[in-house]
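These are my notebook entries on a structure that I went through one feature at a time. I wrote down what I looked up and what I found.

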Amino acid sequence: MERPFMPFDMSNAPPKPRQDRQEVGRHGYSVTDPYGWMRDPGYPQVEDKAILSHLEDENAYFKSVMGSLDGLKATLFEELKGRISEDESSVPQRDGAFMYQWAFEPGAQYRVWKRWPAGGSEPKDSVFLSEPERAEGQEHYVLGGMAISPDDKLLALSEDTSGQERYVTRIKDLSSGAMLPDEISPMRGGVVWDAASEGFFYAELDDGFRSYRIRYHRLGDPQDKDPIIYDEPDPGFFVGVGSTQDRRYAILSAGDHITSEVRFVDLRDPLSAPILIAERRIGIQYSAEHGGEHLYLLINDTHENFRVVQTRLETPGQEHWREIESPSDTRYLRGVTAFKDWLVIEERRDGLDQILVRGHSADAGGHLIAFPEDSYSAGLSSNPEYAPAALRLGYQSMITPPTVYDYDVAGRALTVLKVRPIPSGYDKSRYRTERLMAPARDGTLVPISLVYRDDFKKGEGAPLHLYGYGAYGLGMSPSFSSARLSLLDRGFAY
């Protein structure tokens, strides 16, 4: 191993910015800001000579302290770059009559998207959307989302070319390659096509960048004539649109950080009145899914870790709910997806990702998918179809690069489809990972995933890099990082 710590030159004193007391008024209060002079009114264009002079002093100080590490920086850059595959691509996935795949071409910053008839080999002209072509000539380009119409003829794509996250949705004819005249903006998120491929739902933004309204756009109509399907009256709530796994209903969601409300619209009748699933109650969050004859709610009404209830769309009221997955102090339910033959529940048990596959009936049995390591991150990957032959899963651990599996539910077998390559080479056997449970001050056991090289010596004062995040219920799942290898190879545990 290389030595973990490098010398720094701390002989020079850091520059000290001058203080110039300024009174700043905000929201009816006056605040004294001694460094207000450093706020250039023309930002991000900075032209103030005093500010620029101080920044030059800061940069000079940085170079004087860190200059001895220039060689290490160059070495690390080459290491990190060598672990990134320039021609990364996804595993092809079937959706109806076609296979779909994205890919990066060597040196490209953006992906190309391909499709070809299912059951056949990929032709040379399989690209139906080229992000590099769409980004050409733009200072900024982000593909926000896309959706192919149910008849497979049209592509709706949302794009941001301003950097303001105010997207424009355009429609491409996949047969001719021509762009239709329809343009919808400002909006955010994806769109959901109706069953007849005649139009789609989208979330509209207000002047404050809040998605506040769901509208339906029929192809060829002017946007200002698009009927309003749902208008959120609470300025603290945001709205979004999605679809159920069986693609029978559009899901119109509204919520803030602690409260949610869901409505369904029949995609066969897009202008029909939305069906309210459960009226909002402050502090209650839920999501809704539909499959077969049943409606499923993932809801935290009786426990902060959520439960799953089942009912029918014709009778969504709480008096008709039947609990099929009970809440637990050690089991945190995260998502429900209803496929034709299975109900899949993503959860965490004692902080570790789990995937439960069970039947639809309330008393149906189920099983947890068994993974090969004790500490890992796992979840459903791209599963666009309602009745897939196998479940597509994503998996990784602190020593296993991102892996794509197909899971045979009947045979309970995992098949590896792809492991993300490390072009410069990676020997998994040289690293170790383990899972610990550390008691917090109140006695709560907190899971910790640890990774280190096989020649790491515990108890001998070697460095440890500790990283964590737990706010808003967002735990840190143990994941792989090719960049982290440079730290482990220099004597650190992480």
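Before looking at the strands, I noted that two strands count as paired if DSSP finds at least two bridges between them. I also noted that the model is predicted, and I kept this in mind for every entry below.

**Entry on the strands**

With that definition in hand, I looked up strand β24, residues 343-349, and its partners. On one side of my search was strand β23 (residues 331-338), which is joined to β24 by 7 bridges, the two running antiparallel. Arg331 stands opposite Arg349 of β24, and the hairpin that leads from β23 to β24 passes through 4 residues. I then turned to strand β25 (residues 352-358), which runs antiparallel to β24 and is joined to it by 7 bridges. Here Ile345 stands opposite Leu356 in β25. The hairpin of β24 and β25 has 2 residues between the strands, and in it Asp350 takes a positive phi near 55°.

How many residues of β24 are buried? I found 5 of the 7, so the strand is largely enclosed by the rest of the structure. For this step I needed the cut-off, since buried means under 20% relative accessible area.

**Entry on helix α1**

I next checked the length of helix α1, whose 18 residues are numbers 49-66. At 1.5 Å a residue the helix should span 26 Å, and its end C-alpha atoms are 26 Å apart, which agrees. I then looked up which residues of α1 are buried, and found Ile51, His54, Tyr61 and Val65. They cover an arc of only 85° around the axis, which puts them on the same side of α1. The general rule I wrote beside this is that an α-helix has 3.6 residues a turn, so residues three or four places apart point the same way. On the other side of α1, I found Lys49, Glu56 and Lys63 exposed.

At the start of α1, I noted that a side-chain oxygen of Asp48 comes to within 2.9 Å of the backbone nitrogen of Ala50.

The peptide bond that joins Tyr43 and Pro44 is cis, with omega about 15°, and Pro44 is found in the loop between β2 (29-33) and α1. A cis bond also leads from Ser185 to Pro186, with omega near -10°, and Pro186 lies in strand β10, residues 179-187.

For phi, I looked up His27, which is not a glycine and yet has a positive value of about 55°. His27 has its place in the loop between β1 (22-26) and β2. Is His27 buried or exposed? With a relative accessible area of 78%, His27 is exposed.

**Entry on the rings**

Phe209 also has a positive phi, near 65°, and lies in the loop between β12 (199-205) and β13 (211-218). With a relative accessible area of 33%, Phe209 is partly exposed. I saw that Arg166 lies over the face of Phe209, at 4.4 Å from the ring centre. In another entry of this kind, Arg484 lies over the face of Tyr494, at 4.3 Å from the ring centre.

Finally, I looked up the aromatic pairs, of which the structure holds 17. Ring pairs link Phe371, Tyr376, Tyr395 and Tyr405 into a cluster.

Definitions and conventions. Residues numbered from 1 in each chain as written. Predicted model: local features only at pLDDT ≥ 70, side-chain atom pairs only at ≥ 80, totals over all residues. Heavy atoms only, no water. Expected span 1.5 Å × (residues − 1). Buried < 20%, exposed > 50% of the residue type's maximum accessible area, 1.4 Å probe, protein only. Arc of directions from axis to C-beta. Polar contact = N/O pair within 3.5 Å; in protein donor to acceptor, adjacent residues only side chain to side chain. Phe/Tyr/Trp six-rings, centres within 6.5 Å; stacked < 30°, edge-to-face > 60°. Lys NZ or Arg CZ within 6 Å of the ring centre and 35° of its normal.
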